[in-house]
Structures are given as C-alpha cells and as structure tokens.
2 protein chains.
Amino acid sequence: MNVKLSPVSGSVVAAQGFEAAGVFCDIKRLGTGAGSEKGAKRDLALIVSDRPASVAGMFTTNQICAAPVKVCLPRVKQGRAQAIVVNSGNANACTGKQGLKDALAMASFAEQALRLPRGTALVGSTGRIGLPLPMDNVRAGIVEAAVELGGTTEHARHAAEAIMTSDTRRKEVAVEFRLSGKTVRLGGICKGAGMIQPGMSANGSRPPARPLHATMLCFLTTDAAVSQRALQAALSEAVAGSFNRITVDGDMSTNDTVLLLANGAAGNARLELAGRASSKRNQDFHTFQAGLSHVCLELAKMIVRDGEGVSRLVTVRLNGAKTAEQAEAAARAVANSALVKTSWHGGDPNWGRIIDALGYSAATVQEDKVDLGYSAPGSRKIIWSLKRGQPTRVTFKELCAAVAPKEFDLHIQLNLGRCGTIIYSADLTEEYVAFNKGDVSDPSSLGG
Amino acid sequence: MNVKLSPVSGSVVAAQGFEAAGVFCDIKRLGTGAGSEKGAKRDLALIVSDRPASVAGMFTTNQICAAPVKVCLPRVKQGRAQAIVVNSGNANACTGKQGLKDALAMASFAEQALRLPRGTALVGSTGRIGLPLPMDNVRAGIVEAAVELGGTTEHARHAAEAIMTSDTRRKEVAVEFRLSGKTVRLGGICKGAGMIQPGMSANGSRPPARPLHATMLCFLTTDAAVSQRALQAALSEAVAGSFNRITVDGDMSTNDTVLLLANGAAGNARLELAGRASSKRNQDFHTFQAGLSHVCLELAKMIVRDGEGVSRLVTVRLNGAKTAEQAEAAARAVANSALVKTSWHGGDPNWGRIIDALGYSAATVQEDKVDLGYSAPGSRKIIWSLKRGQPTRVTFKELCAAVAPKEFDLHIQLNLGRCGTIIYSADLTEEYVAFNKGDVSDPSSLGG
C-alpha cells in the first residue's frame, strides 16, 4: 500500500487544536532565577489540546521506574487526557514517596493553570536520578508556560528545546495525510542521547522477549479521531518498529515514555481497530498507522544520530535466524558490542568482531553459514565481505569505503531460518566516554 | 581450612619437570625475519613436561570457536598430554578447513621437534581473526623454541611474553604448598586485555546459565600427581571462580582457553576426586584446589588490571538475589553497563546508573529494597550510599573518596533472597576506544 505523507512544520502543534510552550524555570537550581532569561536553556514544556483527546502510551520496562511513569500508567489506561507537562534537568526517579507526590502535584499544577478536570494531565521528567524536584520552580514554570501557550512553529520549537538534556539539537517531525477526504496531521517531538536502548510496553510489564534497554521521551499529537484501543494498538506497533529498535549505549532508562494524544479535530470518521470495521475504515487505519510509524521512526533515528558522542548511524539488518527472539538476540549482541562499536568509530570493516559477537549471542549461529555485507542506507546493492563464513574477494579498501560514510547498513544473513530484525545502532567514541565520565566537582551530575 | 601457599618464582617452570621457551618467528609477517632479533616481540611459546602429564582444559563457549580450540577439545578429553605450543599475532579463527589443518600441523611440528608421541601436544592461538597462519614461520619458531627450552625464570618469562597481544605486561604466578609431606608447585602464565568476558566450559558446550563472554589464554603447570577426573574437576571449579568472573568489555572471544598439565614429579599420593578417597586424601585435594583457585584468581585479576585502557578494577559483590542466575544477571548488567563503567572512570559515585542497570537486568529487583555501598578491596567496612533505595546521609565527598582508589569493591544487596556472586570488572576509558577503533591504514588490524 502506498501512503502519501507530506512533511509539514510545527511538530506538536501541526495538528489542529494543539498549543505548546517551553520555558525556563531553573529545575537544576542554577540560581539564575525563574523566567526565560536570555541564554538559559528552557526546561519545562507544556502541550495542550483544546478538547479532550484519546491517549495512548508506551513506558520503560525497567523495574526501577520513575514517578512520572507511575503517574501516567493509570491515566493512559483510563483512555482520555488533554495536556502533557514535562521537565528536563531532573528525572524524578528513585525519589520514593515524595517523588510520587511531586509528580502528581506537577500534573495538578498543570490542570489548575489550564482549568482542566483532575486527572487529565500527563507528566514526564528527564535528567538527574535521585534528587527531589524543586516544586516551587516547577509550579512557577507551569504558570508561565500556561500563559505563553501558542500554536506557532516557534511554540513547538520551544517545547522541543525544553525537553532536551544532553541532546545537541531539537528533534521535531510532522506529516499531513488524507483520511476519507479529510486532511489529518500528526507530529511529535522527542529527546534522548544517552542511556538509550528503550524496551517499552503499554503497561510497563515486560514484553515476551527479554528485556531491552534510554531516557528517551517522545510526545505526539494528532487531530485524527481515533478510538483509544485503536490508538494504543497503532502506537504499540509504531514503537515496536522505531524506539524499541534503537540503541546508543545499551542502557535502558528508568523514564522512557512515549505519549500520543488524538483529539479528533480533523473530523474524520473515527478510526477503530483494523478488522473490526469496514474495509474503507480499515484502509484509513492503515494510512494512520503508516503516518504514525513514519513519524516515530524519523524521531527514533534522530535520537541515534544525536547520541552522546555518536559519529555514525549503523542500521543492522539481520536475517535468516531460527526465531524472532534469536534474530533480536543476535542483532543486539552485534549492535551493543563495545568492540564492534569502536571499530565502526574507526571506519574499520572488522568482520572478526562481528562474527565473534554473533557467536556469543543467545542465538544459534553456524560459522560456515554466515554472510556479512554493507550497503548505503536502504540500498539493496550489498558489498559482501563474508560469504558462508569465508572472506570474499572484495578488497580491504573497498570494505573501508563501504563503512566510511556517516550512515550505512550492515547486512547479516545467518542462513538458518526465516526470521529477521532491524536495529538502529551507533558507534562508540572517545567523546561518549569523556561526556559520561562526569564532572565530580559537580555533585548535581549524579544520575543518568 | 587454612591452606598455606607460598609464592615462588618461575611460573610455568616452577614445578619440577617443566621447561619453557618463548621466541620470535614473525607470525605477523613484519618482515624483520625469523629469529629472536633485538626489539622484536616474541610470538611463539613452548611449554613441555619431561614426562606424560594429566591434562585438564576449559574452552570458550562462543559458537564461533577457533581451530586450536577444536584441536584441543578431543585431546584434553583423552586425558594425557606433554606439551603446549602457542602463538600470538594470529588467532587462527574463522579460517575454515585450512585453519584446522594448520592447528593440527602446529601440534605435529611440536611433537616432532620434541620427539613426543603423536597427539600429545596441545595448541593455542591469539591475535587477528580470519587470516591464515604463516606456517613456515610457525615451523621455524617451533624448531627454535625446542632448542631454547629451559627451566629458569627467564625461560618462563620469555614464554609469558610470547603469548601477549595488547597486554602491556607479563602475567605470571606460582605457589608452593605441601601435600602429604611432599612439596608441590603450581604456576601459570596468562594473557588478555580486550575481548574479555570469558564463559568457558570443559567441553565447549554452554553452561546452564546464559552464555557469558576475551581472548584470554592461560597455561598452568604443576608437579602434583592428580587423576585426570580430579584435575578437570579442580580446574572447572577454579575457572568458575576466576576467569569466568571477569569482564573488561563484555565481549567473549572465539579463542578463550585454559590448559593445566599435572606431571606427578612431586611424588605425592595421587589425588582423586574428593569424596572418593580417604579423608586425608580429601584434605589433600582441597589443598590442591585452594592452590589452583588462588593462582587462577591472581592471574584473572591481572587481566582486568591490564585490560585495554583500564584505569580501575572494581569488584562487584552482589548479594540477596532470588536465584544464582539472577545474581549473575544483575551483577553482569552493572559490570557491563557503558554508563556505569564510564562513571567509574570519572571517579563518580553515580548510584543512579547502577540502580538503572539493576532495573533492566533479567533479575528481579525492587527499588525500595536495594542497598548500595563501597569498601576498600576485601574490606567489610562498607560506606553505604543507598539503603532500601534511598540515599543515606553519607556526603557526596565521602562517596567520591570511596570510588577514587584504583581498586575498590562495590557492594549491592538486593534483599530479596540468599544468592550472590562476584564479578571483577573495569572502567571504560577514552583509551579503550582509541585503542580499539583501529588503524584502517593497516589491514592486518582486522579481527579481535
């Protein structure tokens, strides 16, 4: 099915009925005072729909999960929400009962400032672990953000900036498509650079495959009319193929969250789960899924490209595994191997390290069956370095050229079965280590 | 039981009846010609017993296993051997049928040069993956080594040098102890610096716990008289508590090998498996086990200390897990987390990253039960940073002081059960990345 998606500006405010704001309220207590001072990085974002919206969410499966995740879980399950308030600079994780109280208070402040019913605001946090939120600052920030709300690209940009931590650039995407004659928009913002290997589920319970592992946050809005069940199904599918397929450093955060609000302002015939509706409506659902999956994948790849110290995005395309779980295990062993990642950094087509990682993975691998090759991103023109476990006649120079670009695909064919997977990974650089070894002179550097 | 172990010099030739040599034969084809030229690093080692010995071995559980491992497996099973020949600079891994032929030829050359019966020499290789062994050089090296064999500490030192790859220093240990009135010696050499997280078993089959992950090589000799079954049991136990408990980068090699020869020259009453013999003989077995375990642990820690770019050795002592497998999973998640390892490098007591890693591990963890603390190596004086998931009153300065030394212990108490484990880990440094990103201008840098 060919779905026409047109890029539009405005990310979270591209869809009708949504407004956003991003302000500085000194969550890190830098002492520069509240208010969006010149030069101070915004640290509190607000996203609001002008009417109640269906909501879907995906959350970290880390057993140590942050207070905002605990607050969002039941609210998303309830199915309706209207606002999202997010802070950066403090993760509100490992903060015990006080943390939970603070996350609830943060939601309440937003509801009060926006005059929304209780329980309709969702919360997100990212930053340092184990420190209490400075609630006076949070409250002041929310009040200011509520005043500054607006629907321009600049408003969306401020929100995208406010959720950044170690990110070096904003991450925004939005698209427009048609659903039964109506124009629908869907857009989002996200953040994440380190502690990135999300493994999210809709209810925080672990997926059947083994637990994966960021703080990454993503907030999506659409003016499509979608039932809550259809919205959750679509988001689960989109996240499974995007955020849950990326890894920067193999560490899964306590705060990973994706939230999607669908307010129905576009006036399309309400989407229901595929299979439960007419074929026309089914087609509409598929179109919506395609739009949502596209936006999530674009945002997810932005996270890898902007990963801490990252200089290369490598798409690991593994096929021929015996089972889906084995495909996953084999691809992640390669994508998370320190030796493979450092060789990518060096532009070194080191197949020995790749086959070594495959060999110690939980997947069944046979040395004399493995094919390894490289291509440009998405290209089917593959340069094979290894066929059936043996080096091909491709020269070392040619292989170096294949792994020299900032982005390339690594093709692995195990030739043992029919299961495959894709993992978006990154190299491991001196800059990653330098950034993360922290600055001990600054106690506030505690946490992820 | 208190076992008296006295350190002695000579490592692999400390025990009676053993001789060793280490020579340069240009395995990397540097073109400087054969012969131990001044300045050229030795790359071929020979260790020989003057009589047939019992043999035990432990080998990588990587499914992609190198040719020398494939040659050793059946020979060790047979139970008797008399010589070990090892090269560095080339792993003879992923070299197909030719590789297997070469490993067998290497053993044959040694047997011929030493006039030993066929099948009595064992082989080991470490270095680049995927390149054929230069057999003319190997043969010339073996002939020269056989001529240079001797029983002095210098001979042992040459052998220890010859097996080094990215190691910056030799790794040698030997001890002396008493068995039923006889003086027994046991010593060894090892190598390993990167691709270090061994998970070895006696037969290459995977252990019940999930596969772990170096090239590390270790060669041990003793003049104790030990039955083959008792020797294998003792070595399995010693490796489980030493080499299989270390990690530098989480990557398990295709070549990991530990070999132990016991030639009986000390004249002690032959040791049998504990429980099958008299209580006096049982005590002797325990003494032998204590000596072997000590030597293996000292050698294993040397590998971590000399790990690529390593600046800190951190002993992760995890307790209170529900099962042994969960203890293992939790401790390894922490010991292999890129974020935890970079914080160790920075001297940053970042408990947020540690609890995050525990939370995404396959072990059951409850935030409000976790205790985290630090001590000097082996000390019971623990400074707790976290009790029941909450920060203690210990100051940030005190915690920084606790993680500042080159070596410290990290204590994790999950408070959920009675199972525990110990993992010897290291920090992740810019130097590790710089070293491993390789030099693309040199095609011989291919491999692990």
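This is a predicted model: local features need pLDDT of at least 70, side-chain atom pairs count only at pLDDT 80 or more; totals for chains, interfaces and linings use all residues.
**Figure 1. The six-stranded open sheet of chain B.** The strand order in this sheet is S14-S13-S12-S15-S11-S16, and the pairing is mixed. Strand S14 (390-391) and strand S16 (419-426) of chain B form the edges, each pairing on one side only. Within the sheet, strand S11 (residues 313-321) of chain B runs parallel to strand S15 (residues 407-413) of chain B, and seven bridges join the two. Across this pair, Arg317(B) is placed opposite His411(B) of S15(B).

Figure 2. Strand S12 (residues 371-375) of chain B pairs with strand S13 (residues 383-387) of chain B over three bridges in the antiparallel sense. In this pair, Tyr374(B) stands opposite Ile383(B) of S13(B). S13(B) is also joined to S14(B), by two bridges, and these strands again run antiparallel. Leu386(B) has Pro391(B) in S14(B) as its bridge partner. The hairpin formed by S13(B) and S14(B) has two residues between the strands. Arg388(B), in the turn, has a positive phi of about 50 degrees.

**Figure 3. Helix H7 of chain B on the sheet.** Helix H7 (residues 324-336) of chain B lies across S11, S15 and S16 of chain B. The angle between H7(B) and S16(B) is about 25 degrees. Of the strands that H7(B) lies across, S16(B) is an edge strand of the sheet, while S11(B) and S15(B) are the parallel pair joined by seven bridges.

**Figure 4. Packing of helices H8 and H9 in chain B.** Two packed helices are described by the angle between their axes and the distance between the axes. For helix H8 (residues 338-345) and helix H9 (residues 351-360) of chain B, the axes come within 9 Å and cross at roughly 155 degrees. With angles over 145 degrees counted as roughly antiparallel, H8(B) and H9(B) are therefore roughly antiparallel to each other. Their crossing is left-handed. Leu339(B), Val340(B) and Ser343(B) of H8(B) meet Arg353(B), Ile354(B) and Ala357(B) of H9(B). The contact of H8(B) with H9(B) comprises four nonpolar residues, one polar residue and one charged residue.

**Figure 5. Packing of helices H7 and H9 in chain A.** The axes of helix H7 (residues 324-336) and helix H9 (residues 351-360) of chain A come within 8 Å and cross at roughly 135 degrees. This angle makes H7(A) oblique to H9(A). The crossing of H7(A) and H9(A) is right-handed. From H7(A), the residues Ala330(A), Ala333(A) and Val334(A) meet Ile354(A), Ala357(A), Leu358(A) and Tyr360(A) of H9(A). By class, this contact has seven nonpolar residues, with no polar and no charged residues.

**Figure 6. Packing of helices H1 and H2 in chain B.** Helix H1 (residues 67-78) and helix H2 (residues 96-114) of chain B have axes that come within 8 Å and cross at roughly 55 degrees. Ala67(B), Pro68(B), Lys70(B) and Val71(B) in H1(B) meet residues of H2(B), including Leu100(B), Asp102(B) and Ala107(B). The contact of H1(B) with H2(B) has seven nonpolar, one polar and two charged residues.

**Figure 7. The contact between chains A and B and their two-fold relation.** Chain B supplies 59 residues to the contact, and chain A supplies 59 residues. On the side of chain B that touches chain A, at least two residues come from each of H8, H9, S14, helix H10 (396-402) and helix H11 (430-436) of chain B. H9(B) gives the most to this side, with nine residues. By class, the side of chain B that touches chain A has 24 nonpolar, 26 polar and nine charged residues. The same surface serves both copies, as 100% of the contact residues of chain B recur in chain A.

Technical notes:
Residues are numbered from 1 along each chain as its sequence is written. Chains are lettered from A and ligands numbered from 1 in the order in which they are written. Two strands pair if DSSP finds at least two bridges between them. Helices (H or I, at least four residues) and strands (E, at least two) are DSSP runs, numbered from the N terminus. Two residues are in contact if their C-beta atoms, placed from the backbone, lie within 7 Å. Axes are lines fitted to C-alpha atoms, for helices over the stretch in contact, and angles run from 0 to 180 degrees between N-to-C directions. Angles under 35 degrees count as roughly parallel, over 145 as roughly antiparallel, 65 to 115 as roughly perpendicular and the rest as oblique. A crossing is left-handed if the near helix is turned anticlockwise from the far one by less than a right angle, and right-handed if clockwise. Ala, Val, Leu, Ile, Met, Phe, Trp, Tyr, Cys and Pro count as nonpolar, Asp, Glu, Lys and Arg as charged, and the others, Gly among them, as polar.
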